[in-house]
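Hi there,

Here is the structure I promised to pass on to you. Have a look at it first, and then read my notes below.

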Amino acid sequence: MMARIALAVFVLLSMLAPAGAVERLLDFVSDATVERNGNLTVTETIGVQAEGNEIRRGIFRDFPTTYHRRRDGSQVIVGFQVLSVTRNGNTEDFTLENLNNGVRVRIGSANRILNTGRHEYVIKYVTTRQIGFFADFDELYWNATGTGWVFPIDMAEARITLPDKVPFRQTAIYTGPQGARGRDATIVEQQPGRIVFRTTRPLPPRNGLTVAAAWQKGVVEPPSPASLAGYWLEDNRALAAALFGFVLLLAYYAYAWLRVGRDPPKGTIIPLFAPPGGISPAAARYVDQMSFDNQCFAVAIINLGVKGHLQIVEAGDKTTLKKRSGGQPLTPDEEATMAKLFPGHNSYSLLLDQANHGMIGRARSALEKTLTKDYRGKLFAANHGWSSIGLLLMILAVALVI
């Protein structure tokens with residue numbers, strides 16, 4: 001008996017519950033005024049039913065600013081600026097968040113919970129580059145509501161007002177998800193310079209209202225060549241940055257070559273039939289390559305043997321360097337190498353294996369250090385500083401593109 005009474009009370013309360021107890025957009029009115037300069041001033045009046053579920057502190061409105069409109073697939077970036085936001089006639093807090101393809105207007109305060117019931121938000125903003133300029137007419141193709149709402153929309157209306165009272169040449173209406181071609185809307189008012197579209201049935205979540213209206217040319221001023229150039233730079237910022245960086249890099253390297261890259265005049269060339277005096281084979285390779293490598297060290301060892309200061313003995317897979325007395329005079333780099341290979345008076349042989357890698361490495365380093373001191377900046381200049389600046393400029397250009 002008690003169970004039946006409880007069930008009857010539940011059914012009665014359900015019947016008495018208000019019909020608007022589901023969160024949704026009660027009405028969405030987009031009032032778009034076409035300015036003579038081509039800008040679009042839009043006032044969106046959005047009535048919402050808040051029940052404390054998804055709509056607790058406010059709402060957010062996503063506005064796309066990046067479109068792929070051109071036939072070649074390149075993007076178009078439109079301007080977007082919020083002028084004011086109100087709720088129930090009072091100024092409301094809002095913040096802007098960047099999205100991948102646009103801007104999110106987050107409306108409300110984290111410190112304030114909305115009362116249950118109807119709330120009316122009014123968002124006023126200006127957007128640019130929404131007008132299509134064609135050969136015989138101009139047109140506004142306007143996604144009035146967007147398709148990102150997770151709530152149903154009971155009624156949506158789009159109003160377009162022109163700066164002059166001229167007739168509309170052609171119109172179109174689309175409803176449904178993004179890219180759909182539904183026809184659940186109609187024109188409820190049309191007069192010169194003003195047209196009103198309205199849905200004929202509620203829109204499910206993720207559905208929206210898109211309208212198009214065309215009029216004669218001359219009502220809206222087309223963008224000037226300077227504006228078109230500015231639009232191109234805005235739409236192709238990565239390409240523009242890449243071109244700028246490339247030109248800057250070329251200019252820098254041309255300047256660097258003029259300053260330090262050109263070789264001095266060659267003068268009279270005199271053929272030589274013997275190695276230049278006072279320069280070891282290791283030094284000759286170092287100057288020719290303008291850097292030190294393992295072959296510099298190898299030819300230094302061989303030339304020490306040629307000059308009679310050491311003997312290279314091979315036994316099986318073992319190679320030993322044995323110090324010899326006397327021999328031809330050594331260059332400074334060869335003296336530094338010998339000093340590290342055979343340090344002290346009791347050092348007469350050196351087995352070339354892993355156990356002696358420290359001593360061999362010190363000899364190699366001594367040779368490189370001496371060659372660098374004697375020849376770098378005198379017979380050649382590597383200009384690493386200039387190259388480093390060029391590398392930094394290249395990194396900067398890549399960063400601008402990214």
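**A buried arginine and its surroundings**

R129 is buried, with a relative accessible area of 16% (buried means under 20%, exposed over 50% and partly exposed in between, using a 1.4 Å probe on protein chains only). Before you go on, note that this is a predicted model, where local features need pLDDT of at least 70, side-chain atom pairs count only at pLDDT 80 or more, and totals for chains, interfaces and linings use all residues. Residues are numbered from 1 along each chain as its sequence is written, and side-chain values use heavy atoms, leaving out hydrogens and water.

Where does R129 lie? You will find R129 in the loop between β10 (117-127) and β11 (131-133); strands are DSSP runs of E with at least two residues, numbered from the N terminus. From there, the side chain of R129 reaches the backbone oxygen of I77 at 3.0 Å. That is a polar contact, a pair of N or O atoms within 3.5 Å; within protein, one must be able to donate a hydrogen and the other to accept it, and residues adjacent in sequence count only if both atoms are side-chain atoms.

**The partners of β10**

Strand β2 (residues 40-50) runs antiparallel to β10, joined by 11 bridges; strands pair if DSSP finds at least two bridges between them. Within this pairing, T45 has V122 as its bridge partner. Strand β6 (residues 80-87) is also antiparallel to β10, with seven bridges, and here V82 stands opposite Y125.

Enjoy exploring!

Terms used: Helices (H or I, at least four residues) and strands (E, at least two) are DSSP runs, numbered from the N terminus.
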